[in-house]
Amino acid sequence: MSFRGGFLAATGLLLALGAQAAPRTPTNDAEVLEKLPTRAGDSTARELSRLRAALVQAPTDEAAATQLAWRYFDLAMAQGDPRYIGYADAVVSRFPATNSAALLTLRGMLRQYRHDFAGALSDLDQALKQDPGYASAQAWRGAIFLVKADYAAAGQACDALQRLGRDVLAGGCLGLVQAYGGQLDAGYQTLQKSLGLAGFPEDKLWLQTRLGEVAAWRGQPAQAEAHYRAALALGRDDVYLLAAWTDFLLDAGRPAEVVQWLQAWEASDSLLLRLAEAGTALQLPDAARYRQTMADRFAAARARGDTTHRAEEARFELRLRQDAKRAVGLARDNYAVQREPRDARILLEAAIAAQDSASAQPARDWLRSSGFEDARLRRLGQASGTDTGATR
């Protein structure tokens, strides 16, 4: 089992948003709104066709359903296209009552994508009751606890993975617990050790990406860039990698490179946001179109009642619309649900811009309790109104 089945979406691809434009209700059920792009000879299209045909032939076969839904989820993670999440949901919903650990885990994955963390954990716990050795369910539990900043519970999931003999998964889990919890050097070393054990390309990509992030937090930009480029050299589509890499480039004042990397990724909202930031910084002719497209997509999400995009919308309002008051409200609501370092950063930045020290308090509390060592976030914590205390 690779990290694609463990930590990737829950600790990263919560970044993905809808790819729709402004909302519109079709006039009849037969209307085709959009066809996903495929090419002649496209191996993914052939694979999906085969998996769909297998399920049509055996509609009650949970194994066939699981395989198809998993492939849809995998494509959503790689391409940042949430329509595949909808397809996976439609397959999984055919089996509302199931004892299959694999299908329960998939249902939990889909729920965490929508930020229904309580529902996701319930499904994952049920999967482990059915099969205590099902490592994927345990890995996803650890990932969700990391997003919720419950490092003690995440550490217990890491320990469980170690007892199952899943050394790569356990090391990736523990490395992030350490990094998020005030031990950046130890976390980096643990992730590096896990990378040395990794065999799947997906695992190597994920670990190199997270090593890049941790190196940046440690104040080692050259080392961070080396890790990101090693991940990119694997030649696999991965929205989380591209988002982390281009955030690194934006922080380094290199927007032209962001445009080069992302100009073919407008369909992914999380990447279009970064493209819009880079295009605006460079005053490109397309920058206004990027911003308007993002505004339309956020409006469509609100019309659907989708609240999973609030961190990205806060960043949009703060950096591209200079509406600090709206940004801090969105970031505050987001932080009530998910509390990764990037969520703390946008909350602190928005609170500083809005001169709203009170809204930044949860992020300052996290900095103090976790001992998170990134110098940038600690400076933001202090600038937001209250000293965060000494780093542990």
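## A loop residue with positive phi

His-115 is found in the loop between α4 and α5 (117-130), where helices (H or I, at least four residues) and strands (E, at least two) are DSSP runs numbered from the N terminus. Although His-115 is not a glycine, its phi is positive, at about 70°. The relative accessibility of His-115 is 12%, so this residue counts as buried (buried means under 20% relative accessible area, exposed over 50%, and partly exposed in between, with a 1.4 Å probe and protein chains only).

A positive phi, near 55°, also occurs at Gln-355, a residue other than glycine, which is found in the loop between α18 (341-354) and α19 (361-370). Gln-355 is exposed, with a relative accessible area of 75%.

## Basis of the model and overall make-up

This is a predicted model, in which local features need pLDDT of at least 70 and side-chain atom pairs count only at pLDDT 80 or more, while totals for chains, interfaces and linings use all residues. Residues are numbered from 1 along each chain as its sequence is written, and side-chain values use heavy atoms, with hydrogens and water left out.

The protein has 20 helices and 0 strands, and buried residues make up 55% of its 392 residues. Of the contacts between residues at least 6 apart in sequence, 59% join residues at least 24 apart, a contact being defined by heavy atoms within 4.5 Å.

With a disulfide taken as a pair of cysteine sulfur atoms within 2.5 Å, the count comes to 1 disulfide. Cys-158 and Cys-173 form this link, with their sulfur atoms 2.0 Å apart, and the angle of -80° about the S-S bond makes the link left-handed. Cys-158 lies in helix α7 (residues 151-163) and Cys-173 in helix α8 (residues 167-180), so the pair ties together parts that are 15 residues apart in sequence. Both Cys-158 and Cys-173 are buried.

## Packing of α7 against α8

The crossing of α7 and α8 is left-handed, a term used if the near helix is turned anticlockwise from the far one by less than a right angle, with clockwise giving right-handed.

On the α7 side the contact includes Tyr-151, Ala-154, Cys-158 and Leu-161, and on the α8 side it includes Asp-167, Cys-173, Leu-174 and Tyr-180. The residues of this contact divide into 11 nonpolar, 2 polar and 1 charged, where Ala, Val, Leu, Ile, Met, Phe, Trp, Tyr, Cys and Pro count as nonpolar, Asp, Glu, Lys and Arg as charged, and the others, Gly among them, as polar.

## Packing of α3 against α4

Helix α3 (residues 83-92) packs with helix α4 (residues 101-113) at an angle of about 140°, their axes being 10 Å apart, and the two are therefore oblique to each other. The crossing in which α3 passes α4 is left-handed.

In this contact, Ile-85, Ala-88, Asp-89 and Val-92 of α3 meet Leu-103, Leu-106, Arg-107, Leu-110 and Tyr-113 of α4. These residues divide into 7 nonpolar, no polar and 2 charged.

Conventions
Axes are lines fitted to C-alpha atoms, for helices over the stretch in contact, and angles run from 0 to 180 degrees between N-to-C directions. Angles under 35 degrees count as roughly parallel, over 145 as roughly antiparallel, 65 to 115 as roughly perpendicular and the rest as oblique.
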